[in-house]
Amino acid sequence: MTMTDSSNDHAGLRQAEAESFEGSIRSAGLKVTAPRLAVLRALTDMPHSNADALFGAVRAGLPGTSLQAVYGVLGSFTTAGLVRRIEPAGSPALFERRVGDNHHHIVCTRCNVVHDVDCAVGHAPCLTPSDALGFDVRAAEVIYWGLCAQCQLDTASQLDTASQLDTATP
Ligand SMILES: [Zn+2]
Ligand SMILES: [Zn+2]
């Protein structure tokens, strides 16, 4: 596909985006560095990514970056509350920029795709424990497991052809 629209508009958009990334990093109390900007940009494009995937995206624009540096950036972002870290069972840690709203996740047990699920009642914690044991409960994190729509189609067609069903479990 050929882009025929004004490249000036596009450059202006990238500029505004870069400034908003810098603003986010600064308001989290962190110094703006090239790896931090690159990781934040990658996370914006690919939510629920692990460090390896983010490293792959960052390396394209910053060839000198190491996986270790990406882990370092993710650690400081998580500590500063700029990104949220989720760890579905059997998966490496995944990171996302959507923070502070106590949303949940739904994970496909077959292809591992992850999607956001809004809080059931719109505020944290959306699930009240039967006994909070004296805790001041601030958040409840739920992971729903199941087969995504595409995997349901795939497994249905596999059953049709009577081939072996992949029974991956979390
Ligand atoms: Zn799936
Ligand atoms: Zn999420």
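**The fold at a glance.** Two strands pair if DSSP finds at least two bridges between them. Helices (H or I, at least four residues) and strands (E, at least two) are DSSP runs, counted off from the N terminus. What you're looking at is a predicted model: local features need pLDDT of at least 70 and side-chain atom pairs count only at pLDDT 80 or more, while totals for chains, interfaces and linings use all residues. Residues are numbered from 1 along each chain as its sequence is written, and chains are lettered from A and ligands numbered from 1 in the order in which they are written. The protein has five helices and five strands, and going along the sequence they follow the pattern α-α-α-α-β-β-β-β-β-α. Of its 170 residues, 15% count as buried (20 or more other C-beta atoms, placed from the backbone, within 10 Å of a residue's own; 12 or fewer is exposed, and anything in between is partly exposed). Take the contacts (C-beta atoms, placed from the backbone, within 7 Å) with a separation of 6 or more: 44% of them come from residues 24 or more positions apart.

As a reminder, strands of a sheet pair through backbone hydrogen bonds, either parallel or antiparallel. Here S3 (residues 104-108) runs parallel to S5, joined by four bridges, whereas S3 and S4 pair in the antiparallel sense, also over four bridges. Look for Ile106: it stands opposite His115 in S4 and opposite Tyr144 in S5.

An unreviewed UniProt entry lists Cys108, Cys111, Cys148 and Cys151 under "binding site"; its positions are given in the numbering used here, feature names are shortened, and annotations may be inferred rather than shown by experiment. Cys148 sits in the loop between S5 and helix H5 (149-160), and Cys151 is found in helix H5. Cys148 is partly exposed because it has 18 other C-beta atoms within 10 Å. Cys151 is partly exposed too, with 18 other C-beta atoms within 10 Å. Leaving aside neighbours within four places in sequence, Cys148 is in contact with Cys108, Cys111 and Val113. On the same terms, Cys151 is in contact with Cys108, Arg110 and Cys111.

**Close-up of H2 packing on H4.** Helix H2 (residues 34-45) and helix H4 (residues 67-80) pack at about 75°, and their axes are 10 Å apart. That makes H2 roughly perpendicular to H4 (under 35 degrees is roughly parallel, over 145 roughly antiparallel, 65 to 115 roughly perpendicular, and the rest oblique). From H2, Pro35, Arg36 and Val39 meet Ala69, Val70, Val73 and Leu74 in H4. By class, the contact of H2 with H4 has six nonpolar, no polar and one charged residues (Ala, Val, Leu, Ile, Met, Phe, Trp, Tyr, Cys and Pro are nonpolar; Asp, Glu, Lys and Arg charged; the others, Gly among them, polar).

**Close-up of Ala51.** You'll find Ala51 in helix H3 (residues 51-61). Ala51 is buried because 20 other C-beta atoms lie within 10 Å. Not counting residues up to four places away in sequence, Ala51 touches Leu67, Val70, Tyr71 and Leu74. Ala51 and Val73 are 22 residues apart in sequence, with 9.8 Å between them in space, C-alpha to C-alpha.

Definitions and conventions
Contact = placed C-beta atoms within 7 Å. Axes fitted to C-alpha atoms, helices over the stretch in contact; angles between N-to-C directions.
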